[in-house]
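User: Could you walk me through how to read a structure like this one, feature by feature? I would like the general idea first and then the case at hand.

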Protein chains: 2
Amino acid sequence: MPTTSHLAHLSQLLSAREIITDSSLIEPYCTDQRGRYHGQAFAVLQPHSVSAVQSILRYCQQQQIPITPQGGNTGLCGAATPHSCTAGKGIILSLSKLNRVRKLSLADNTITVEAGMILADVQAAAKQANRYFPLSLASEGSCQIGGNIACNAGGLNVVRYGTMRDLVLGLEYVLSDGQLVSHLNPLHKNTSGYEMSQQIIGSEGTLAIITAATLKLFAPPQSILTAWVGLENIQAATDLLSALKNHFAERLSSFELISQSALSLSARYSQLQEPANAKWHILFELTDSLPTQDLTEPLINVLEQGNWLNAIIADSETKRQHLWTLRENISAAQRSLGASIKHDIVVPIEKVADFIESCQQRLLTAFPQTKTILFGHLGDGSLHYNVFIADILSNDVYHYEKEINQVVYEQVLQHQGSIAAEHGIGQLKNQWLSQVRTPAEINWMWAQKHYFDPKNILNPGKVLPPQP
Amino acid sequence: MPTTSHLAHLSQLLSAREIITDSSLIEPYCTDQRGRYHGQAFAVLQPHSVSAVQSILRYCQQQQIPITPQGGNTGLCGAATPHSCTAGKGIILSLSKLNRVRKLSLADNTITVEAGMILADVQAAAKQANRYFPLSLASEGSCQIGGNIACNAGGLNVVRYGTMRDLVLGLEYVLSDGQLVSHLNPLHKNTSGYEMSQQIIGSEGTLAIITAATLKLFAPPQSILTAWVGLENIQAATDLLSALKNHFAERLSSFELISQSALSLSARYSQLQEPANAKWHILFELTDSLPTQDLTEPLINVLEQGNWLNAIIADSETKRQHLWTLRENISAAQRSLGASIKHDIVVPIEKVADFIESCQQRLLTAFPQTKTILFGHLGDGSLHYNVFIADILSNDVYHYEKEINQVVYEQVLQHQGSIAAEHGIGQLKNQWLSQVRTPAEINWMWAQKHYFDPKNILNPGKVLPPQP
């Protein structure tokens with residue numbers, strides 16, 4: 001059936017404001033934020049109700065129209081850009097108009113929000129109720145909570161609060177045939193059979209369309225201590241992490257690793273001073289729900305015991321912002337340099353030092369002209385390992401991607417890590433998935449896909465590796 | 001094939017010490033701890049290695065021999081007792097000899113243990129390394145960690161540390177055809193495709209046999225404050241919970257509700273004094289990783305603000321033990337009374353007060369001769385709602401189970417709760433499962449079962465409701 005006929009049908013199901021067909025308006029939805037992936041779609045649908053999502057899925061399944069679900073379009077693995085296999089014959093399903101708070105329960109410490117709500121708005125709604133929603137990441141001003149759930153996002157506070165999977169108490173989603181499954185009651189324990197929602201979380205829109213979720217809230221941080229330590233080796237950093245976790249328990253809410261090259265780049269870009277002169281840098285934060293909690297003295301004790309004497313403790317909000325800006329501007333500073341080959345990877349914390357050393361060695365042996373900008377969430381072992389090639393700062397660098405990935409991922413695997421920590425798989429990494437999953441798991445993933453999406457309309461071309 | 005022939009084959013796969021065939025030795029494995037379920041098996045197999053588990057599964061699948069996996073046999077829903085549908089033609093697979101610590105990583109704050117390790121031994125191994133494993137429940141001296149994972153156990157500390165699902169970082173399991181899937185690396189973030197291990201957790205041995213797991217560890221509590229408050233209504237209790245969570249954040253590690261009747265029963269049984277005279281009682285604990293943390297003063301502030309003035313703060317370890325003994329002896333005191341109809345249920349915390357009131361009303365209207373012993377983990381909304389019938393203190397009480405369940409579960413559902421909080425489904429509740437799951441979910445559960453266990457050898461008769 002031709003596109004015009006689909007549009008005629010869809011316009012009977014949806015109101016005019018829910019359908020975008022103007023190609024210049026569609027274009028931004030078809031390109032990812034890094035400008036790396038370009039797709040095609042004959043329409044963007046932005047339903048204002050869950051029942052409209054159901055109608056869309058019923059129609060698209062019947063007509064086998066591919067659907068690319070999209071939140072804030074901030075993903076880094078191309079999951080939200082239509083895959084070339086859809087050949088422009090599909091639609092983009094934008095969840096952005098489903099963006100209400102449905103409920104906030106103080107007794108249960110939960111907030112129920114729709115999928116299209118921007119992460120920063122979820123944080124703000126929690127704050128307004130004197131609560132705290134801890135997911136925090138670079139794109140929080142534009143990414144949407146449904147996308148965060150679909151790719152099991154991580155970010156800065158995982159060391160204390162876990163990833164998105166840990167923050168979801170209830171989920172509502174639409175299956176490929178339009179059926180709604182809605183479990184939004186804030187049940188803190190519920191073991192009643194196999195948990196289907198656990199399958200949907202992290203499946204990047206390939207099994208169902210998430211429309212709402214009930215999320216855990218926490219006590220707002222009242223005392224905050226931010227500190228910076230320059231270190232000569234990673235071992236000292238993981239020792240510090242261990243000491244902090246064991247002294248301060250959940251109060252350690254972030255623990256970030258920054259290489260000297262990442263720091264220099266960001267400091268130049270930010271026009272800020274480098275806080276220390278060392279090979280490696282750690283930015284960490286302790287937070288406490290009690291307003292008058294003195295964290296400085298116990299921290300100084302810990303730092304003295306471990307001989308981390310050059311630590312800088314932020315003594316003002318300005319200083320704190322200075323330190324965080326250096327961390328947060330790394331990505332922007334990198335972008336200003338040009339294109340790079342990014343790796344969102346994770347290894348056991350006890351193997352991070354070893355991994356970094358041997359990966360760097362192999363990489364420089366194979367590609368002497370590479371330069372690595374390394375930073376990441378050492379508190380949970382995940383690293384952003386970004387490789388630049390001198391003189392190739394355009395997208396041409398991607399010609400070398402496969403070979404460079406080969407070196408990096410081989411080292412990740414040798415150090416018992418995974419090729420995907422917090423950005424998901426999308427269309428960037430599916431060909432690598434069988435490196436970290438057994439054949440039994442890959443077969444099962446395909447069985448899930450066939451079961452949930454027999455007509456292959458939900459985000460085709462994403463996550464799953466070539467079918468065995 | 002007759003049993004003797006199976007035994008002959010199995011004795012080629014296993015050593016003599018791994019096979020129990022003496023019927024008097026088999027008997028204890030065939031009865032659950034409440035003496036409610038009795039099953040039959042022609043042998044108990046207790047493999048000493050994962051490869052022996054694999055051999056057993058390969059043989060049993062080939063021969064279609066039903067397997068009932070068993071840990072410490074402490075479950076309350078009959079999941080570990082052979083179902084009558086196996087008609088004595090199956091074996092019990094005891095994991096108890098797979099009970100080693102495989103690894104403890106201080107840098108990653110994790111412990112990797114085999115499935116048969118007793119929960120208290122896992123706690124002790126963590127403690128020895130100056131770390132803390134938080135899962136804590138009545139049967140911790142005999143239940144096994146594999147069983148805890150298989151039924152997604154909860155217990156006393158869920159308000160702070162979550163259920164077993166939240167504590168598992170890596171899982172190793174054997175599929176019904178003997179294939180091993182092993183992901184025991186301590187990866188704190190890893191989003192690489194659909195997460196098969198999330199399907200295995202909470203599946204009560206019906207999809208795979210868990211052989212080992214990598215578990216999160218935490219900082220050991222150094223400062224502990226235990227308190228008891230008598231209250232006239234549940235609303236005051238949930239207000240107190242809210243205030244404590246918002247002031248002390250994760251320091252609130254348990255928050256237990258005890259009804260006056262449960263307290264009186266336990267106090268008589270324990271020969272201890274009742275700490276307060278009130279309709280409802282709360283026992284809660286604040287813990288801190290800092291050794292010199294003064295929690296008393298900030299707690300008194302909170303209690304004053306909310307007018308919870310009759311709180312008793314334990315001022316010695318003896319007093320603390322006194323309070324906890326009263327809580328912990330409720331179950332034993334109940335058992336000494338006779339048989340009861342137990343409900344392990346959960347409702348949103350904001351609905352607990354309403355639920356208790358209307359359920360009690362309906363129950364007394366329908367069955368004036370019932371008496372309810374109510375206690376539970378109010379911090380996460382889960383309740384143990386146990387119904388006695390005057391003059392029927394033998395197992396004859398179960399004749400009334402269906403009718404009483406009907407009343408209780410109807411109220412649970414009307415209050416947006418679930419019929420299974422932390423004990424699982426087993427063979428006690430599978431006929432009720434479709435009350436809390438949609439047809440789409442039940443169909444999917446059956447699809448999972450057929451996929452993972454096409455010959456229906458893994459714990460048949462458990463968890464799943466009648467096939468649609």
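User: Which residues does P82(B) touch, not counting residues up to four places away in sequence?

Analyst: Two ground rules before the contacts. This is a predicted model, with local features needing pLDDT of at least 70 and side-chain atom pairs counting only at pLDDT 80 or more, while totals for chains, interfaces and linings use all residues. Residues are numbered from 1 along each chain as its sequence is written, chains are lettered from A and ligands numbered from 1 in the order in which they are written, and side-chain values use heavy atoms, leaving out hydrogens and water. Contact means heavy atoms within 4.5 Å. With neighbours up to four places away in sequence set aside, P82(B) touches Y29(B), C30(B), H38(B), G39(B), Q40(B), A41(B), T68(B), I92(B), Q427(B) and K462(B).

User: Where does P82(B) lie, and is P82(B) buried or exposed?

Analyst: Helices (H or I, at least four residues) and strands (E, at least two) are DSSP runs, numbered from the N terminus. P82(B) sits in the loop between β3 (67-70) and β4 (91-94) of chain B. For burial, the cut-offs are under 20% relative accessible area for buried, over 50% for exposed, and partly exposed in between (1.4 Å probe, protein chains only). P82(B) has a relative accessible area of 3%, so P82(B) is buried.

User: C30(B) was one of those contacts. How far is the sulfur of C30(B) from the closest cysteine sulfur?

Analyst: A disulfide is a covalent bond between the sulfur atoms of two cysteines. The cut-off here is a pair of cysteine sulfur atoms within 2.5 Å. The closest cysteine sulfur to that of C30(B) is in C85(B), 14 Å away, which is too far for a bond. C30(B) is also buried, at 3% relative accessibility.

User: How many disulfides does a search of the whole structure find?

Analyst: The search finds 0 disulfides over all chains. C30(A) is in none, with the nearest cysteine sulfur, that of C85(A), 14 Å away. C30(A) counts as buried too, at 3% relative accessibility.

User: Into which domains is chain A divided?

Analyst: Domain bounds come from an automatic or database domain assignment. Chain A has domain 1 (3-94), domain 2 (101-216), domain 3 (223-331) and domain 4 (338-423). The C-alpha centres of domain 1 and domain 3 of chain A are 43 Å apart.

User: How do I read helix α3 of chain A: what length does it reach?

Analyst: The expected span of a helix is 1.5 Å times one less than its number of residues. Helix α3 (residues 50-63) of chain A has 14 residues and reaches 20 Å from its first C-alpha to its last, close to the 20 Å expected. Of the 14 residues of α3(A), 10 are buried, so the helix is largely enclosed by the rest of the structure. Those buried residues include V53(A), I56(A), L57(A) and Y59(A). Just after α3(A), Q64(A) takes a positive phi of about 55°.

User: What covers the buried residues of α10(A)?

Analyst: In helix α10 (residues 260-270) of chain A, the buried residues include A262(A), L263(A) and L265(A). Their cover includes β10 (223-231), β11 (252-259), β12 (280-288), α12 (317-328), α13 (330-337) and β15 (370-377) of chain A. Q271(A) follows α10(A) and has a positive phi, near 55°.

User: Is D391(A) buried or exposed, and what about E204(B)?

Analyst: D391(A) is exposed, at 78% relative accessibility, whereas E204(B) is buried, at 5%. D391(A) has a positive phi of about 75° although it is not a glycine, and E204(B) has one of about 55°, again without being a glycine. D391(A) lies in the loop between β16 (382-389) and α15 (401-414) of chain A. E204(B) is in the loop between α8 (196-200) and β9 (209-216) of chain B.
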